[in-house]
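Me: Please take a close look at one part of this model, the sheet and the contact between the chains that goes with it. A plain account will do.

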Protein chains: 2
Amino acid sequence: MQSPASLAVAYRANGRKLTPQRQLIFQLMHENETHPTAEDLYAQASAQMPGISLRTVYQTLNELAEMGELQFIEIGSGATRFDPNVGDHHHAVCDSCGQIRDVHVRGAATLRPTDSTDFVINEVGVVFRGICSACETSRRKGSTQRGAKSPVQQAKASKK
Amino acid sequence: MQSPASLAVAYRANGRKLTPQRQLIFQLMHENETHPTAEDLYAQASAQMPGISLRTVYQTLNELAEMGELQFIEIGSGATRFDPNVGDHHHAVCDSCGQIRDVHVRGAATLRPTDSTDFVINEVGVVFRGICSACETSRRKGSTQRGAKSPVQQAKASKK
DNA sequence: TGCTAATTAGCAAGACTTGCAAATTAGATC
DNA sequence: GATCTAATTTGCAAGTCTTGCTAATTAGCA
């Protein structure tokens with residue numbers, strides 16, 4: 001689903017109401033390519049609808065996830081991020097700036113473990129970690145080659 | 001690294017001391033196949049060393065990660081889990097019981113996005129989600145087919 | 001227009017993790 | 001073995017992210 005119109009249908013199908021808050025959050029999610037956190041969306045939503053509650057943002061995001069309208073991304077460190085793209089795709093995470101971008105991977109869905117053949121697989125997710133082109137460029141220009149932290153450590157550190 | 005002996009060397013190489021607490025935590029990690037949380041390890045450690053602090057467990061786990069002796073696993077929902085296996089492997093997560101097991105995947109390391117070709121990849125991780133054989137078996141026997149929550153929602157829910 | 005169940009807002013609280021400072025201790029030195 | 005010092009451990013307070021609870025509000029139906 002993409003259109004706000006079908007959103008109303010989806011909500012009603014679930015016996016739910018289409019409130020202005022829900023419309024706004026849904027819309028903001030879809031305008032946003034950055035896989036925002038609840039806090040990010042709250043900030044944006046507040047600009048357009050002063051007084052909206054962070055609680056409502058969390059609530060709405062959870063509902064949308066339940067309805068299959070978005071997915072959670074939990075790639076280490078910090079807040080859950082939300083992805084309105086529920087199609088077949090994967091993620092590339094920059095260990096330098098933390099950006100997450102959607103990517104596609106040929107054959108990912110058919111990957112199988114060579115062991116654990118008794119595990120019933122519903123879903124396959126691939127995560128690439130590395131350095132995005134923007135960070136790579138600025139790194140070449142000298143400057144910010146930081147200490148020898150592991151990627152995860154860096155992610156942890158960038159939390160603050 | 002696997003042996004406590006080389007642990008001492010590794011610690012000294014980092015200008016660190018080999019304390020009883022660190023030895024214990026390291027040992028427990030390696031005896032444990034379940035990808036425990038800090039709290040799990042704390043419980044086990046407390047049994048053998050009453051008075052050890054949860055703070056120390058967290059601290060030690062972070063150090064070991066920095067030293068490359070273990071890795072963090074953050075697969076949705078709840079506490080970080082720790083994996084002493086730093087070799088090339090991936091994970092299968094049971095959406096029913098939450099168990100995480102190590103698996104191997106042929107060709108995973110050479111996967112590449114079909115898009116985002118300007119992203120420098122350091123690491124590729126594959127996560128399978130599904131139902132482990134134990135849960136599948138008990139499910140067949142009837143009983144606990146729970147409501148239609150998404151995998152992530154289930155994970156979230158099982159947090160408590 | 002009225003009614004009612006659903007929703008929102010706000011705040012308190014829970015889970016997980018880290019910062020800080022004082023007391024303790026591993027390991028080097030003599 | 002005794003001494004010394006920087007590293008480590010503890011315990012607690014605090015920070016971040018998220019959810020529970022409840023009174024007030026409101027969407028959507030009759």
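Reply: Six strands form an open sheet with mixed pairing, in the order 4(A)-3(A)-5(A)-5(B)-3(B)-4(B); strands here are DSSP E runs of at least two residues, helices are H or I runs of at least four, both numbered from the N terminus, and two strands pair if DSSP finds at least two bridges between them. Strand 4 of chain A and strand 4 (100-103) of chain B stand at the edges with a single partner strand each, so one side of each has no neighbour in the sheet. On average, neighbouring strands of this sheet are turned by 25 degrees against each other, direction ignored (axes are lines fitted to C-alpha atoms, for helices over the stretch in contact, and angles between N-to-C directions run from 0 to 180 degrees).

The model is predicted: local features need pLDDT of at least 70 and side-chain atom pairs count only at pLDDT 80 or more, while totals for chains, interfaces and linings use all residues. Residues are numbered from 1 along each chain as its sequence is written, and chains are lettered from A and ligands numbered from 1 in the order in which they are written.

Within chain A, strand 3 (residues 90-94) pairs with strand 5 in the parallel sense over four bridges, and Cys94(A) stands opposite Gly130(A) of strand 5. Between the chains, strand 5 of chain A and strand 5 (residues 120-131) of chain B are antiparallel, over eleven bridges. There, Glu123(A) has Arg129(B) as its bridge partner.

The contact takes 42 residues from chain A and 43 residues from chain B, counting residues whose C-beta atoms, placed from the backbone, lie within 7 Å. Strand 5 of chain A gives the largest share of the chain A side, twelve residues.

Key: Two residues are in contact if their C-beta atoms, placed from the backbone, lie within 7 Å.
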